[in-house]
Amino acid sequence: PEANSCARRMPDVGRPSSVVTTVSADLSDLERQGLIARKTSDPRAVAGWRDRSRADVELSRDIATKFPVRSLTIAYEAGLRACAGILDLAGYRVRSQQGHHSAMIAAAETVLGDAFAPTLKRLDLARRYRNDDLYGEAAPPSAAQRDEAIADAEVLLRELDRRLATAGRRA
């Protein structure tokens, strides 16, 4: 199915089959499914998350050669935090439950649209890699995978910057 089709199957890597969820390309559908909840946006907190993510991107780049697994997972966490900020500025938060990282990526795709689908697909692949490494065994990522994760986090952070500025609350 296309990136923003009405219903698509969430990835089930690292999650029991009972948690696999069908997600709609509409935030109200994600809310009805209990994956996200409305909230008052907090641009100051989002700016803090952005700054922390920028530091993580720098750290990821600094340790890339010596610690490729940690480099990729730190870049993933920076990208995921950027998604949390984008979702917050849209007036939502992800609910803390099994599969919430997948839900965050799906919700961010809903907010950002098709232009960001390739970036978010790669972020989801980094999520899967992180899960495989955390809960099992994963081969070290290639330099290309690691570098892509860093670049994708930077793309998401630039979009988060744009949205913070558009909100008139750039920190």
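Where is the place of Leu-123? Leu-123 sits in helix H5, residues 117-135. Helices here are DSSP runs of H or I with at least four residues, strands are E runs of at least two, and both are numbered from the N terminus.

This is a predicted model: local features need pLDDT of at least 70, side-chain atom pairs count only at pLDDT 80 or more, and totals for chains, interfaces and linings use all residues. Residues are numbered from 1 along each chain as its sequence is written, and side-chain values use heavy atoms, with hydrogens and water left out.

**Two buried residues**

Buried means under 20% relative accessible area, exposed means over 50%, and partly exposed lies in between (1.4 Å probe, protein chains only).

| Residue | Helix | Relative accessible area |
|---|---|---|
| Leu-123 | H5 | 5% |
| Ser-71 | H3 | 0% |

Contact means heavy atoms within 4.5 Å. Neighbours within four places in sequence are left aside for Leu-123, and its contacts then include Tyr-76, Ile-105 and Leu-156. On the same terms, Ser-71 touches Ser-60, Ile-63, Ala-64, Arg-146 and Ile-150.

Leu-123 and Glu-148 are 25 residues apart in sequence. Their C-alpha atoms are 9.0 Å apart in space.

**The core**

A nonpolar core is a set of buried Ala, Val, Leu, Ile, Met, Phe, Trp, Tyr and Cys residues joined through side-chain atoms within 4.5 Å. The largest one has 38 residues. Leu-27, Ile-36, Leu-87, Leu-120 and Leu-156 touch the most other members. Elements giving two or more residues include H5, strand E4 (92-94) and helix H6 (143-166). H3 gives the most, with 10 residues.
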